Amino acid sequence: MNEIITAAGIAVIATGAAVLLKQYKPEYAFGVSLAAGATILIFVMFKLGDIIGSVEEFVSLAGISNEHYKIMLRCLGVCMITKITSETCKDCGQGSISTKIDMAGKIIILAIAMPLFSEIMSIVKALTEMR
């Protein structure tokens with residue numbers, strides 16, 4: 001609970017500073033926003049290690065292949081990076097670039113997940129041949 005209060009406090013203070021700076025020095029407002037975002041991400045990254053450890057334990061208990069877990073984790077990482085980048089571009093008024101980074105993220109996720117699609121298709125093929 002304290003973590004979200006800290007992150008929210010950083011966000012509110014940075015937002016207030018960015019709004020004030022935008023009136024006088026717009027170029028500094030972007031820097032404040034970027035620094036606040038980076039600070040919050042670094043703050044949250046410490047919690048990510050605990051989460052990944054728990055998920056690895058669940059994956060091993062469920063008997064899920066380590067390869068599948070790695071693919072899922074990479075796709076999740078691409079999703080998060082894409083979302084953060086896209087929203088930053090939108091905040092800067094670059095909607096066109098934001099749309100392009102969204103599309104790039106989707107294509108990269110599709111490329112990463114192709115081994116899973118191949119495996120699913122082989123399972124479907126095996127099931128249809130059983131009939």
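The protein chain exposes about 9900 Å², of which carbon and sulfur atoms supply 72%, with accessible areas taken from the Shrake-Rupley method with a 1.4 Å probe, where for residues only the protein chains shown count as cover. This is a predicted model, in which local features need pLDDT of at least 70 and side-chain atom pairs count only at pLDDT 80 or more, while totals for chains, interfaces and linings use all residues. Residues are numbered from 1 along each chain as its sequence is written, and side-chain values use heavy atoms, with hydrogens and water left out.

**Fold and dimensions**

- The secondary structure comes to four helices and zero strands, in the order α-α-α-α from the N terminus; helices (H or I, at least four residues) and strands (E, at least two) are DSSP runs, numbered from the N terminus.
- The radius of gyration is 20 Å, well over the 14 Å that the globule rule gives for 131 residues, so the protein chain is more spread out than a compact globule; the radius is taken over C-alpha atoms, and the rule is 2.2 Å times the number of residues to the power 0.38.
- Along its principal axes, the C-alpha trace spans about 70 × 35 × 20 Å.

**Burial and contacts**

- Buried residues (under 20% relative accessible area) make up 13% of the 131 residues.
- Of the contacts (heavy atoms within 4.5 Å) with a separation of 6 or more, 51% join residues 24 or more positions apart.

**Val124**

- Val124 lies in helix α4, residues 95-130, and counts as partly exposed because its relative accessibility is 40%, between the buried limit and the exposed one of over 50%.

Terms used:
Buried < 20%, exposed > 50% of the residue type's maximum accessible area, 1.4 Å probe, protein only.
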